[in-house]
Amino acid sequence: MQLTILGNWGPYPNAGGACSGYLFEGEGIKILIDCGNGTLSRLQQRLTTLEELDLIILSHLHSDHISDAMILRYAVGINKMKGLFHKTIPLYAPATPEEDFQKLQYENAFVLQPIDENLVIYEKGLKICFRKMDHPVEAYAVAIENDEKKFVFSADTRYCSQLVDFSKNADLLLCEAGVLERDKATTTPHLSALEAGQIATQAQVKKLVLTHFWPGYHLQEVLEEARNAYDGELILSEEMQSYEL
Ligand SMILES: [Zn+2]
Ligand SMILES: [Zn+2]
């Protein structure tokens, strides 16, 4: 299993960067997780054709996670009308805000399916499940596992015990670190880098990959803050880099 970072900034990118988007590849399966602005172009650098995608998962409907889904729907929908796209890709996303959920569809581009905590997807030997996080809109962490490996993506969230529980013994936790402790207010709907480290320690995660960086931060500072709480394998994600599970 391999994870490629298409974009790792939020809630807007730095110059030349892209927002949240990740390509997860397992045995005979390619899953796009989040589709923030700038990620569709990069996704196409990694695929021969968009038809290679088997599944799309959007963790939540904030713009930095779905902007390019608004044009991916054109790419798929229009090519379908032209008879140039033959696959029907399931797109899983939270059903709220409802208006945003409905907007994801265009000319039957996708099979739109709502995410909830009871949803379990079995595909190509993988089990995919979801856990609701603490964020201003309905947001779900995503776990993808087989008999050997477990991958978890935090989505966006405040610190919550659900994420610790859901990440237990993950081989790789891709975790947002949207703020530094010094910038965190009680209203901040994101994890600090320190909290990402704490969650990884509490969940006994084998590898912690940080993402969702605020443009303008010195990323070394983000890394060092997480390091104060986690002494396992710790990685600052880099755009267009791939990480093995
Ligand atoms: Zn975000
Ligand atoms: Zn968000």
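At 25% relative accessibility, H62 is partly exposed. This residue is one of the protein donors of the zinc ion (ligand 2) in a predicted model.

**The zinc site**

- Four residues donate to the zinc ion (ligand 2): H60 through NE2, H62 through ND1, H135 through NE2 and D156 through OD. The distances from these donors to the zinc ion run from 2.1 to 2.4 Å.
- Along the chain, the donors of the zinc ion (ligand 2) are spaced as H-x1-H-x72-H-x20-D.
- Is H135 buried or exposed? H135 counts as buried because its relative accessibility is 8%, and the cut-off for buried is under 20%. H62, at 25%, counts as partly exposed.
- What is the geometry of the site of the zinc ion (ligand 2)? The site is irregular, with angles of 88 to 165 degrees among the four donor atoms. For four donors to count as tetrahedral, all angles would have to lie between 85 and 135 degrees. As a reference, the ideal angle for four tetrahedral donors at a metal is 109.5 degrees.

**Strand 1 and its partners**

- Strand 1 covers residues 2-7, and five of its six residues are buried, so the strand is largely enclosed by the rest of the structure.
- Strand 1 runs antiparallel to strand 14 (residues 242-244), and three bridges join the two. Opposite Q2 stands E244 of strand 14.
- Strand 1 also runs antiparallel to strand 2 (residues 21-26), here with five bridges. In this pairing, I5 stands opposite Y22 of strand 2.
- In a regular strand, side chains alternate between the two faces of the sheet.

- In what order do the seven strands of the open sheet come? The order is 7-8-9-10-11-12-13, and the pairing is mixed.
- Strand 7 (120-123) and strand 13 (233-236) are the edge strands, each pairing on one side only.
- From one strand to the next, the twist averages 15 degrees.
- Within this sheet, four bridges join strand 9 to strand 10 (residues 150-153) in the antiparallel sense. A143 has V152 of strand 10 as its bridge partner.
- Helix 7 (residues 219-227) packs on the sheet and touches strand 12 (207-211) and strand 13. The direction of helix 7 makes about 160 degrees with that of strand 13.

**The annotated span**

- An unreviewed UniProt entry annotates residues 18-212 as "domain: Metallo-beta-lactamase".
- In the model, the end C-alpha atoms of residues 18-212 are 10 Å apart. The span is 24% helix and 29% strand.

**A loop residue: N146**

- N146 lies in the loop between strand 9 and strand 10.
- N146 has a relative accessible area of 29%, so it is partly exposed.
- Which residues does N146 touch, not counting those up to four places away in sequence? The contacts of N146 are M1, G125 and L126.
- N146 and I235 are 89 residues apart along the chain, and their C-alpha atoms are separated by 23 Å.

Terms used. Residues numbered from 1 in each chain as written. Chains lettered and ligands numbered in written order. Predicted model: local features only at pLDDT ≥ 70, side-chain atom pairs only at ≥ 80, totals over all residues. Heavy atoms only, no water. Donors = N, O, S within 2.8 Å, 3.2 Å for Na, K, Ca; no water. Tetrahedral: all angles 85-135°; square planar, octahedral: opposite > 155°, others 65-115°. Buried < 20%, exposed > 50% of the residue type's maximum accessible area, 1.4 Å probe, protein only. Pairing = 2+ DSSP bridges. Axes fitted to C-alpha atoms, helices over the stretch in contact; angles between N-to-C directions. Contact = heavy atoms within 4.5 Å. UniProt positions renumbered as here; feature names shortened; annotations may be inferred.
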